[in-house]
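Happy to go through this one with you. Let's take the labels one by one and check each against its definition.

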Amino acid sequence: MYTGMLHTHTLVVGLFLLLYLVKTFLLVTGKEDTLAVFTTKTKWAERVISVLFLATGIFLYLNSGNITWMVHLKIGVVFASIPLAIIGFKKKNKILAVLSLVLLFVSYGLGEANKKQATKVEKPQLSSSTGELETGKILYTTYCEACHGANGDGQKSGAKNLKISALDNTGKSMIIKNGKGAMPGFSALSDAEIQAIVQYTDAFKEK
Ligand code: HEC
């Protein structure tokens, strides 16, 4: 469900950006007649796209395991760009229209940066006397619990249920290192640390 919503959101945002790229281009190059025709012809498409943009965005926000200040900034930037676009196109103000488009691209970039944010959380202090399972637990709590939940069956951001995962050690390690879909890759973790986490997640199954 989450993954489907994420793909729909990405598609809809892409279409929205494309639409505004064309409109801004027409405004900036002074092709006002073409802009008027284009705006009329795409009126309904734009409405549908805007509603889907908002609806999928709200769904993702409510079901994400990775809401940080970046997400809030991103939402703020999107909402700031809306009045700029409305006024820009109404008053045929090129600067406002371009600024609005720039803000939309900035918010897109923030969304991409946010995905990596989950991996940048500071590593907890681990001493050499900390056992492997304990190490796994500490790292899991720090990096994984937000999406996978304390018992492995959390499904925020579309996370897979680790209690029923059919992946072997290698498969799990690969996903933890490289990420997949909405899950970021934790390439900064050492092989030993990843092994410790895998051992810890394997224990979810017996419960
Ligand atoms: C931002 C949320 C998020 C975080 C944080 C996260 N995951 Fe995931 N995880 C996911 C998603 C989403 C998937 C499903 C990926 C797919 O198949 O498209 C997944 C899949 C997996 C899988 C594969 C399960 C299977 O059977 O296919 C494993 C293993 C896994 N995560 C372990 C971890 C571990 C360990 C951590 C911490 C180091 C972690 N994840 C952190 C979201 C997250």
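Buried means under 20% relative accessible area, exposed over 50%, and partly exposed in between, with a 1.4 Å probe and protein chains only. This is a predicted model, in which local features need pLDDT of at least 70 and side-chain atom pairs count only at pLDDT 80 or more, while totals for chains, interfaces and linings use all residues. Residues are numbered from 1 along each chain as its sequence is written, and side-chain values use heavy atoms, with hydrogens and water left out.

Q: Why is Ile 58 called partly exposed?
A: Ile 58 has 47% relative accessibility. Partly exposed lies between the buried and exposed limits, so Ile 58 counts as partly exposed. Ile 58 sits in helix H3, where a helix is a DSSP run of H or I with at least four residues, numbered from the N terminus.

Q: Why does Thr 34 count as partly exposed?
A: The value for Thr 34 is 41% relative accessibility, so the label partly exposed applies here too. Thr 34 belongs to helix H2, residues 32-41.

Q: What makes the nonpolar surface patch?
A: A patch takes residues with over 30% relative accessible area and no salt bridge, and nonpolar side chains (Val, Leu, Ile, Met, Phe, Trp, Tyr) are joined within 5 Å. Here the patch covers about 880 Å², and among its members are Leu 54, Ile 58, Tyr 61, Phe 79 and Ile 87. Helices H3 (43-63) and H4 (69-90) each give two or more residues. H4 has the largest share, with five residues.

Q: Which residues of helix H8 are buried?
A: In H8 (residues 169-178) they are Gly 171, Lys 172, Ser 173 and Ile 176. After H8 comes Gly 179, with a positive phi near 75°.

Q: How do you know that domain 1 and domain 2 are in contact?
A: Contact means heavy atoms within 4.5 Å, and eight residues of domain 1 are in contact with nine residues of domain 2. The bounds, 2-117 for domain 1 and 132-206 for domain 2, come from an automatic or database domain assignment.

Q: How many salt bridges are there between domain 1 and domain 2?
A: A salt bridge needs a side-chain nitrogen of Lys or Arg within 4 Å of a carboxyl oxygen of Asp or Glu, and the count between domain 1 and domain 2 is zero.

Notes. Patches are made of residues with over 30% relative accessible area and no salt bridge: like charges are joined within 9 Å, nonpolar side chains (Val, Leu, Ile, Met, Phe, Trp, Tyr) within 5 Å. Accessible areas come from the Shrake-Rupley method with a 1.4 Å probe; for residues, only the protein chains shown count as cover.
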